[in-house]
Amino acid sequence: MKVKLGVLYGGKSPEHKVSLQTALSVINAVDKEKFTVIPIYITTEGQWVRGAAITGEVQDVKQLELKQGAPALSTLALRPTNAEDEQTVDVIFPLLHGPNGEDGTVQGLLELLNIPYVGNGVLASAVGMDKVIMKNLFAQAGLNQAKYVSFLKKEWERSAEEAYTIVEHEIGYPCFVKPANAGSSVGINKCKTRADLEAAFAEAFRYDRKIIVEEAIVGREVEIGVIGNDEPICSVVGEIVPKKEFYDYEAKYQDGDTELIIPASITEEEYETIKTMALKAFKALDLSGLVRADFFLTADGTVYINEVNTMPGFTPFSMFPLLWKHSGVSYTQLIERLIQLAIERHQEKQQITYTF
């Protein structure tokens, strides 16, 4: 019997379009002999729409912007009492990036519905989305990272001058200003002067009520993929070489003016350090399923962890799938392995006793 796979995409997020591209890639790569693919689209207004099963190839993302269909939530069901019920799904693959999808909100809903889902759980997703909390936990775990400070919008509005002074005293220039809860480099700016800093604060606060300011590390940007639940494994390491000053949204998704080097030219010792730190971060944040861990590697061989991405870019040309491709796992195989990990984790949770 085929596994009924619900592919969840779209969402009320600045990364709605990115999610559509990811969904297009995954749907076309899934083995239709093994899976019945059911599209579940979240519009930019937050409406959930479930479409008919997809049996062939989807040519364009516009085909995934469902206008009509069954209301998705009422047809997901809590868990099927009848395995033949066509209105249920066996497992969900959330392909949602950014807030309202990658931050634990959807994961919490799926937990309540008691449906297996690919990727990280509620806590790990929420922590992985909030760069401030993530870095606080990295610090507690003893992971080497850049200096950082954070601010709330109300604090900045009350005393912007004090916020800028703290940055200049504790971090200095150059520095990066980022929304605490956003991905795909949305709202991120590199600052070299006070004028840059003021403009960057204003832009970052457009996307979140909390921002983080980080020391700029001079080094190579390297990344590693991790998959697994309680026994995670790592891919090879890849390097990002942006032609711009940093790897921003346009470099990731629009202009293509970025070089990905896989595997990265690093020493065995550097690889082992990156791998060890990635696995330590995986455990510290209680991650599961998949994660891409991002690092800086300086000229003297020092490794700094930057962040982890709990739902990394997932088209065939994104870094995470390419890392696994160069590690001997094809795109289709990677999708199937992640689905299996989701089912395994769900089955393990069903053994937990909830009554006393």
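Start by selecting Asp294 and Glu307: UniProt, in an unreviewed entry, gives both the feature "binding site". UniProt positions follow the numbering used here, feature names are shortened, and annotations may be inferred rather than shown by experiment. Before going further, note that this is a predicted model, where local features need pLDDT of at least 70 and side-chain atom pairs count only at pLDDT 80 or more, while totals for chains, interfaces and linings use all residues. Residues are numbered from 1 along each chain as its sequence is written, and side-chain values use heavy atoms, with hydrogens and water left out.

Zoom in on Asp294 first. Asp294 sits in strand 13 (strands are DSSP runs of E, at least two residues, and helices are runs of H or I, at least four, numbered from the N terminus). Is Asp294 buried or exposed? Buried, with a relative accessible area of 6% (buried means under 20%, exposed over 50%, partly exposed in between, using a 1.4 Å probe and protein chains only). Show the side chains: that of Asp294 makes a polar contact with the side chain of Arg292 at 2.8 Å (a pair of N or O atoms within 3.5 Å, where within protein one must be able to donate a hydrogen and the other to accept it, and residues adjacent in sequence count only if both atoms are side-chain atoms). Leaving out residues up to four places away in sequence, Asp294 touches Val222, Glu223, Tyr304, Ile305, Asn306 and Glu307 (heavy atoms within 4.5 Å).

Hop over to Glu307, in strand 14. Glu307 is buried too, with a relative accessible area of 17%. Its contacts, again beyond four places in sequence, include Lys131, Met134, Phe138 and Arg292.

Last stop: Glu214, in strand 9 (residues 210–215). At 4% relative accessibility, Glu214 is buried. The Glu214 side chain makes a polar contact with the side chain of Lys178 at 2.9 Å. Among the other residues Glu214 contacts are Lys135, Tyr148, Phe176 and Asn306.
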